[in-house]
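Keep the sequence and the 3D view open as you read.

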Amino acid sequence: MEALAESLGVPRYRGRQLAQWIFVKGVSDLDAMSDLPKDFRAALAAQTSIELPEVERRTPSQDGSQKLVLRYGDGARVQAVLMPDADRLTLCVSTQVGCGFGCAFCFTGTMGLERNLTAGEIVGQVLVARRTLEAGTRITHIVYMGMGEPLANYAATVTSLRILTDPKALGFSPRRITVSTVGLVSGIERLARENLKVNLAISLHATSNQIRNRIMPVNKGFAIEELLEACRGFPVAFRQRITFEYVLLDRVNDSAEDARRLVRLLKGIRAKVNLIPFNDWDGSGFQRPPLQRILAFQSLLLEEGIRTTIRWSKGEDIGAACGQLKEAVTV
Ligand code: SF4
């Protein structure tokens with residue numbers, strides 16, 4: 001925005017003021033930006049546009065989470081989900097319209113990839129979600145776990161992270177932002193070099209290449225060993241850990257042998273494991289394991305000293321749980 005201001009013939013600090021209006025004060029109407037010179041506002045109006053996605057639908061869930069269906073100018077729709085938990089309010093954002101990775105257990109994957117979002121469209125989700133909050137409430141954490149694969153839309157993801165963490169823009173602590181990936185090794189290695197200091201989450205979901213190839217086609221390009229090697233090279237800040245997401249599928253990846261293999265795979269990585277009992281959707285062909293097996297899997301990991309939580313997905317009743325995000329592009 002400083003560069004934009006300069007290109008329009010005003011000093012760079014005018015760009016910082018513009019950023020303040022948009023990101024800090026949440027104002028997108030140029031007429032309301034009273035401390036910007038009239039000529040600058042006119043030039044901005046002629047050459048740029050400030051667009052936010054429209055909140056087409058807001059569906060509250062019984063557990064307090066809220067699904068926002070957001071619509072962009074070209075009609076593309078994504079979802080963002082607000083998830084309160086004790087003193088946290090986490091926003092889950094999307095990076096693509098649909099997803100091209102086709103994980104077998106994932107409803108979003110059945111959509112295919114429609115298009116990438118721009119950095120502005122990703123940040124726009126945070127800005128509009130913030131507008132829906134009651135006074136005195138604020139988003140404390142952001143997870144890139146909505147529709148799409150963030151590292152398959154690398155440049156926009158990184159630019160959006162820089163805007164979210166810039167103290168002159170949205171000012172989120174990078175420690176409160178998590179980027180989740182299906183395991184694009186080259187993307188993880190690049191992200192490691194960006195010095196963004198954000199957290200990393202890996203959708204692992206299997207402990208052998210044979211099973212992972214079956215449920216996550218991406219594994220055919222990047223095998224588990226390669227993926228974990230990239231994780232070992234990722235800078236993890238003091239007190240932080242890499243999260244490994246593991247969706248538990250009945251009799252597919254939930255045996256004691258799987259749990260023991262997972263322990264071996266994670267050796268030498270500051271890891272925590274998030275077990276996600278599968279969220280049913282029609283025609284998936286998978287089932288959630290019985291509670292007993294879910295707890296047994298967790299116990300095995302805990303006994304080996306691996307921090308392990310079970311994520312009973314939020315928003316399950318509104319189709320906003322992990323792997324359930326899907327929105328038709330046209331209705
Ligand atoms: S789990 Fe993630 S990467 Fe896999 S299809 Fe679903 S949205 Fe895409």
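The model is predicted, so local features need a pLDDT of at least 70 and side-chain atom pairs a pLDDT of 80 or more, while totals for chains, interfaces and linings use all residues. Residues are numbered from 1 along each chain as its sequence is written, and side-chain values use heavy atoms, leaving out hydrogens and water.

Now find the ligand. Around it sit Cys99, Phe101, Gly102, Cys103, Cys106, Gly109 and Val182, each with a heavy atom within 4 Å of it. This shell is made of five nonpolar and two polar residues, with no charged ones.

Next, step back to the whole chain. It holds ten helices and twelve strands; these are DSSP runs, H or I of at least four residues for helices and E of at least two for strands, numbered from the N terminus. The radius of gyration, taken over C-alpha atoms, is 21 Å, close to the 20 Å that the globule rule gives for 331 residues, so the chain is as compact as a globular protein of that length. That rule is 2.2 Å times the number of residues to the power 0.38. Of the 331 residues, 53% count as buried, where buried means under 20% relative accessible area, exposed over 50%, and partly exposed in between (1.4 Å probe, protein chains only).

Let us zoom in on helix H5, residues 154–165. Its buried residues are Tyr154, Ala156, Thr157, Val158, Ser160, Leu161, Leu164 and Thr165. Their cover includes helix H4 (119–131), strand S7 (141–144), strand S8 (177–181) and H6.

Helix H6 covers residues 185–192, and Ala192 belongs to it. Ala192 is partly exposed, at 22% relative accessible area. Leaving aside residues up to four places away in sequence, Ala192 touches Gly233, Phe234 and Pro235, where contact means heavy atoms within 4.5 Å. The C-alpha atoms of Ala192 and Gly233 are 7.5 Å apart, although 41 residues separate them along the chain.

Finally, visit two loops. Ala86, between strands S3 (77–85) and S4 (88–92), has a positive phi of about 50° although it is not a glycine. His205, between strand S9 (199–203) and helix H7 (209–215), also is not a glycine and has a positive phi, of about 65°. Which of the two is buried, and which is exposed? Ala86 is exposed at 80% relative accessible area, whereas His205 is buried at 5%.

How values were computed:
Nonpolar A, V, L, I, M, F, W, Y, C, P; charged D, E, K, R; others polar. Expected span 1.5 Å × (residues − 1).
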